[in-house]
Amino acid sequence: MAQVIVVGTQWGDEGKGKIVDLYARKADVIARFQGGNNAGHTLVVEGRQTILHLIPSGILHDRKICILGNGMVIDPDVLLQEIDDLCEKNLFPPDTKLYISHNAHIIMPYHKSLDKAREARKGTAKIGTTGRGIGPAYGDKIARTGIRLCDLLDSETFGEMLRINIEEKNFYLTQFYHDKPLEYAAIFDEYSGYADRLRQYAANTSLMIDQEIKKGSDILFEGAQGCHLDIDYGTYPFVTSSNTAAGSACCGAGIGPTKIDAVVGICKAYTTRVGEGPFVTELTGAVGERIQQVGCEFGATTGRKRRCGWLDMVLVKQSVRVSGITGMALTKLDVLTGIDPIRICVAYKTDNEQFSESVPPSTKLLGQCRPVYEDMEGWSDDLSGAKTMNDLPANAKRYIERLEELAGVKMSLVSVGPGREETIVLESPFD
Ligand code: IMP
């Protein structure tokens, strides 16, 4: 039995979907603990595509318990659409074990309106959010004005909380953002309908996870986004509004840190970012374009083209430290095939300083940083058939070994193509 957290070590989109799907086969419980439908991964089952933003991909495996933890912010409309979509494809049988924490916060229409209005007002200084209301929903949670699932399920409490929120939010929307006001009655009716459908999934998920641990179950905690979108340790303010680092799994799922056995950090063989914010190793020329195209680097939630750059090990080292990563999963190594040389960023420098262990917290300073690169020889052989490290070209092996040295952590897995079988498994955290 093991309790394993999986997190992204960069700015999200590290290819967590495939790795989580692989590990989900071993796990009995798959729990999300932060974020909302700003995340997203595309799964192909029997030739049919399904995009999940909220439900853990473990839902596609029989008999798995899937949990949406208290640390999440949940848009009920999106969640119910995901359930309906799965039902239509016969992927959500009546005995599906999906549970949502009573304590999870609900994304309301005013969160989405405020997210968009704030971004529009910021103009060129915008964060480039997904526009899904994530920031304002977490803002209300911290301000203690948020509506949780348990509040939504109690019509009287919900009505009172909604009235107070609508009054306040309409003031901001109309007076400050010169936007349209929202209507209480329409939202009350719409969300009461969602409450009726969500009631059956509401549960004390912290207690449930604890009981599973006591039974000896394997549990996978599925992080969303990546460590550098973390509200505390990311490239603030160009971050999401939750803690994406591994420690967040404890608060966001309701279990203690002493229960965690391993933390797997997913690291893409190069770096990408969607949205605005500093990106020291960004490639704006032909190599970046090539990586973007070969790697199909488009956001799963917004469809935006991802910005691409060389692998930045300053970012990864900070993630290893902040998340206590015990093993790495390297993804999309095949995308680098045919590129020579391949550059690894080992430090940042400004006119007066060098940073190799930690990302400078000041956005201004980070914007002035230039990358210090180490060049590695590339390879041209197709990697997709590799089953062991010895099947890889010598230069690909050297690249991996250098990354292990820089990160100070061994690889648990190397992914050499999108298919499940295109994976070199070195160590499973559940064994
Ligand atoms: P928000 O989470 O919608 O508030 O967006 C804040 C920032 O995080 C923006 O730069 C988004 O593009 C980015 N972001 C949020 N979720 C993801 C994700 O799942 N992958 C990559 N970037 C994300």
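User: Which cysteine sulfur is closest to the sulfur of C308, and at what distance?
Analyst: In this predicted model, C308 is buried, at 3% relative accessibility. A disulfide requires two cysteine sulfur atoms within 2.5 Å. The closest cysteine sulfur to that of C308 is too far for a bond; it belongs to C296, at 11 Å.

User: What separates the sulfur of C250 from the closest cysteine sulfur?
Analyst: C250 is buried, with a relative accessible area of 10%. Its closest cysteine sulfur lies in C251, but the two sulfur atoms are too far apart for a bond, at 6.7 Å.

User: How many disulfides does a search of the whole structure find?
Analyst: A disulfide is a covalent bond between the sulfur atoms of two cysteines. The sulfur of C250 is too far from its closest cysteine sulfur for such a bond, and so is that of C308. For the whole structure, the search returns a count of zero.

User: Which residues of strand 15 are buried on each side?
Analyst: Strand 15 spans residues 327-331, and five of its five residues are buried. In a regular strand, side chains alternate between the two faces of the sheet. Here both faces are covered, with G327, A329 and T331 on one side and, on the other, M328 and L330.

User: What is the bridge partner of A329 in strand 19?
Analyst: Strand 15 runs parallel to strand 11 (residues 262-268), joined by five bridges, and I266 stands opposite A329. Strand 15 also runs parallel to strand 19 (residues 411-415), with three bridges between them. In strand 19, A329 is paired with L413.

Definitions and conventions: Residues are numbered from 1 along each chain as its sequence is written. This is a predicted model: local features need pLDDT of at least 70, side-chain atom pairs count only at pLDDT 80 or more; totals for chains, interfaces and linings use all residues. Side-chain values use heavy atoms; hydrogens and water are left out. Buried means under 20% relative accessible area, exposed over 50%, partly exposed in between (1.4 Å probe, protein chains only). Helices (H or I, at least four residues) and strands (E, at least two) are DSSP runs, numbered from the N terminus. Two strands pair if DSSP finds at least two bridges between them.
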